[in-house]
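Visitor: I am new to this structure. Could you walk me through it, strands and helices in turn?

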Amino acid sequence: MNTAGFGAVKIIAWDHNWYDHGGPAGYPLEVMRFNNGQAQSAVAGVAYHCYESPDGSYSVQSTFQNAYPNKEVHFTECTGGAWSTNAAGNLEWALQNNLFDPLRHHARSSLYWNLALDPSHGPRVGGCPDCRGMLTVNNGAGTYTRNEEFYAWGHLAKVVRGGAVRIGATTLGNNELETVAFRNPDGSLALIALNSNDGASRTFKVRWGASPSHTVKSRILCSWFGGGSGEEGSSAASCSGSVRG
């Protein structure tokens, strides 16, 4: 590839599920170890999908990162579909399993499959017959519908800028307050918080500047942005996203 002028193209050693053949995917580690690490100089890292893996399998990403901290980890595919019709539950699941936890386990990116599909779940060549796009596009009517995954990624995109670096933030796990936070290239800070508890509000303090305490109601999603140039010590909250059924 270098000789052909593609030296800047990154090679990913694995672009498949967290689990493979009933256990954590071992192929990425095998590639890195092969022949005393012969391939390591040519491989940029690894990418994972969410399919055929038990809950919590995103921890596989940390196993790889801990073994090879100089290599990249990406989360490159997951989808929802017609088999799951609870929009509120789908939004919450996407936030937890496609965004919050993959990103907290070293993923540099999070991609959804597909961006847009028609009402018949296409176009497609084989593969999933009933997958759901972020958008459903009705070409005949010239209209489109935003689906629940659109709002999951959209909530992060509202406050997280390209080139942002994830920073530490307390998270309490499923059925509690769940968070992920970033420092943007301009120095501003972004925090996204989901209260996944079914019945109780949660009150907490965003520890930058003089930010007051905030209360997030049951099954509500909020984002905070602030602390950039000219905004030191300030933060603004938005709770426009809701996962209430």
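Guide: One term comes up at once: buried means under 20% relative accessible area, exposed over 50%, and partly exposed in between (1.4 Å probe, protein chains only). Helices (H or I, at least four residues) and strands (E, at least two) are DSSP runs, numbered from the N terminus. This is a predicted model: local features need pLDDT of at least 70, side-chain atom pairs count only at pLDDT 80 or more, and totals for chains, interfaces and linings use all residues. Residues are numbered from 1 along each chain as its sequence is written, and side-chain values use heavy atoms, with hydrogens and water left out.

Visitor: How many residues of strand 14 are buried?
Guide: Strand 14 spans residues 189-195 and is mostly covered. On one side Leu189, Leu191, Ala193 and Asn195 are buried, and on the other Ala190, Ile192 and Leu194 are. In a regular strand, side chains alternate between the two faces of the sheet. The count of buried residues in strand 14 is seven of seven.

Visitor: Which residue is the bridge partner of leucine 177 in strand 14?
Guide: Two strands pair if DSSP finds at least two bridges between them. Strand 13 (residues 177-183) pairs with strand 14 in the antiparallel sense, over seven bridges. In strand 14, the partner of leucine 177 is asparagine 195.

Visitor: Which residue stands opposite leucine 189 in strand 17?
Guide: Strand 17 covers residues 220-226 and runs antiparallel to strand 14, with six bridges joining the two. Opposite leucine 189 stands glycine 226.

Visitor: Which glycine takes a positive phi in the hairpin of strand 13 and strand 14?
Guide: This hairpin has five residues between the strands. The residue with a positive phi near 90° is glycine 187.

Visitor: Why is helix 3 called oblique to helix 4?
Guide: Axes are lines fitted to C-alpha atoms, for helices over the stretch in contact, and angles run from 0 to 180 degrees between N-to-C directions. Helix 3 (residues 87-104) and helix 4 (residues 148-159) pack with axes 8 Å apart, at an angle of about 40°. Angles under 35 degrees count as roughly parallel, over 145 as roughly antiparallel, 65 to 115 as roughly perpendicular and the rest as oblique. So the angle makes helix 3, relative to helix 4, oblique.
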